[in-house]
Amino acid sequence: YVLTYRSFVFPPSISKIKMATQAMATATPTVGADVATTNTNATSSAEGGPIYVDTQHDDMVHDAQLDYYGCKLATSSSDRTVKIYDVAGSAYTHTATLQGHEGPVWEVSWAHPKFGVVLASCSFDGSVLIHRESRPHDWTLLHAARNLHESSVNGVSFAPHEFGLIAAAASSDGRVSFLTHREDDSWGVEYVRDNALGVNSVSWSPYVVSSTATADEGDGDGGSSPTPPCLRLVTGGCDNRIRVYAKSPVTGQWEMETTPIDTSSHSHSDWVRDVAWAPAVVPGIDVIASCSEDRTVLVWTQKAGEGEEGEPGPWQPTLLNTFEEPVWKLSWSVTGNILAVSSGDSTVTLWKAGLDGTWSQVDTVDDVGGGGAAGTGAQPGAPAEGQ
């Protein structure tokens with residue numbers, strides 16, 4: 001497995017991104033690339049070192065995401081564009097520039113490949129654009145959700161593919177929107193009111209089918225029946241809180257879960273900038289990480305069956321670390337046991353939990369450009385220059 005992590009924001013004069021990869025299963029060396037838009041030749045970095053890509057964006061780069069197979073790279077920028085690169089070994093070829101947004105593009109999200117090559121992007125202009133690659137290097141606008149929100153859309157994320165083609169978007173207007181692709185090729189929109197101050201990020205729960213023990217009163221034989229999974233997601237807001245929502249299988253409406261979130265021992269004291277729901281590793285245990293401008297990262301854990309009448313127990317926080325600068329972005333490894341943290345001191349750190357539940361740092365990567373410039377530019381939810 002390969003873990004990819006990135007920084008949140010770059011100085012205005014820097015349009016490079018840096019992908020630091022760490023092989024989980026093998027010690028395969030990693031080589032790097034530094035390419036212009038017309039150059040397909042990669043420049044190798046030190047063996048096992050990070051990979052540099054010159055995106056040729058004209059302004060700050062806010063997000064960089066690899067697709068499901070790690071073959072395509074999408075970057076978003078304050079220059080109001082999204083750039084697409086094909087990735088092949090150590091070569092990175094710029095293949096497309098997606099336009100259409102009228103403000104800085106904060107975040108991008110790839111859909112599962114079962115839906116084709118589909119990419120969503122969100123912007124300060126209050127819109128979410130969904131593009132699809134119809135033919136190699138030929139991108140078309142699949143859906144334009146303009147004026148989806150009354151203010152900046154700060155985060156966008158596709159749901160697990162088992163639920164269909166669904167995207168959630170977080171906005172500074174205090175709402176979360178859900179875009180659902182229908183069988184007739186139209187798109188439905190639902191809203192959830194989160195908090196009045198604004199929402200910075202969203203993250204979906206993984207698709208998990210749990211088993212519930214049942215007993216046959218006639219013969220006493222025990223058995224198990226699968227519990228249908230439901231759509232769940234977590235939000236991080238400007239009111240310093242996280243919230244967990246679920247779509248009711250009975251009413252079909254989005255509702256905030258009533259399971260308590262324990263803040264008696266730890267809680268955020270400033271904006272929650274990012275949330276990340278960990279991949280399912282241990283059955284019956286859900287894990288969410290949150291980071292904040294208060295310089296902390298909290299890991300929230302919920303265990304099944306610890307509540308009343310067998311309901312899930314409360315979300316319990318664990319302080320991962322207090323950093324020297326605000327923390328902007330989080331990313332779990334595909335195995336769910338390593339958390340990457342991108343902070344305002346221009347570094348990315350990797351953290352792993354021990355058997356006793358204590359988190360320890362296992363690696364660190366300095367950001368491209370350095371100099372502590374990360375976090376000095378415009379942030380989602382804040383007015384950008386010229387807007």
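**Close-up views of a predicted all-chain model**

**Figure 1. Surroundings of Cys 122 in the largest nonpolar core**. Beyond its neighbours within four places in sequence, Cys 122 contacts His 101, Pro 104, Val 105, Trp 106, Glu 107, Ser 127, Val 128, Val 153, Asn 154, Gly 155 and Val 156. The model is predicted. The core around Cys 122 has 18 residues, and those with the most contacts inside it are Cys 122, Val 128, Ile 130, Leu 148, Phe 158 and Leu 179. At least two residues of this core come from each of β9 (118–123), β10 (128–135), β12 (153–158) and β13 (166–171).

**Figure 2. Ser 109 in strand β8**. The strand spans residues 105–110. Ser 109 has a relative accessible area of 10% and is therefore buried, the limit being under 20%. A polar atom of the Ser 109 side chain lies 3.2 Å from the backbone nitrogen of Phe 158. Leaving out residues up to four places away in sequence, Ser 109 touches Val 118, Leu 119 and Ala 120, as well as Val 156, Ser 157 and Phe 158. Phe 158 is also among the residues with the most contacts inside the largest nonpolar core.

**Figure 3. Salt bridge between Glu 190 and Lys 247**. The closest N and O atoms of the pair are 3.3 Å apart. Glu 190 is in strand β15 (residues 187–193) and Lys 247 in strand β20 (residues 242–247), so that distant parts of the chain, 57 residues apart, are linked. Both ends are partly exposed: Glu 190 has 22% relative accessibility, and Lys 247 has a relative accessible area of 24%. The structure holds 11 salt bridges.

**Figure 4. Salt bridge between Arg 232 and Asp 286**. Here the closest N and O atoms are 3.3 Å apart. Arg 232 belongs to strand β19 (residues 232–237) and Asp 286 to strand β23; the two residues are 54 residues apart and link distant parts of the chain. Arg 232 and Asp 286 are both buried.

**Figure 5. Salt bridge between Arg 273 and Glu 293**. The side chains meet at 2.9 Å, N to O. Because Arg 273 lies in strand β22 and Glu 293 in the loop between β23 and β24 (296–303), the pair ties together parts 20 residues apart in sequence. Arg 273 counts as buried at 9% relative accessibility, whereas Glu 293 is partly exposed, with a relative accessible area of 23%.

**Figure 6. Nonpolar surface patch at Val 281, Val 282 and Ile 285**. The three residues make a patch of about 230 Å². Val 282 is located in the loop between β22 (272–277) and β23 (285–292). Its relative accessible area is 45%, and Val 282 is partly exposed.

**Figure 7. Overview of the chain for orientation.** The chain has 29 strands and 0 helices. Of its 387 residues, 49% count as buried. The accessible surface comes to about 17,200 Å², with 48% belonging to carbon and sulfur atoms. Among contacts between residues at least 6 apart in sequence, 49% join residues at least 24 apart.

Conventions
Residues numbered from 1 in each chain as written. Predicted model: local features only at pLDDT ≥ 70, side-chain atom pairs only at ≥ 80, totals over all residues. Heavy atoms only, no water. Core = buried A, V, L, I, M, F, W, Y, C linked by side-chain atoms within 4.5 Å. Buried < 20%, exposed > 50% of the residue type's maximum accessible area, 1.4 Å probe, protein only. Helix = DSSP H or I, 4+ residues; strand = E, 2+ residues; numbered from the N terminus. Contact = heavy atoms within 4.5 Å. Patch = residues over 30% accessible without salt bridge, like charges linked within 9 Å, V, L, I, M, F, W, Y side chains within 5 Å. Areas by Shrake-Rupley, 256 points an atom, 1.4 Å probe, with all protein chains shown as cover. Salt bridge = Lys/Arg side-chain N within 4 Å of Asp/Glu carboxyl O. Polar contact = N/O pair within 3.5 Å; in protein donor to acceptor, adjacent residues only side chain to side chain.
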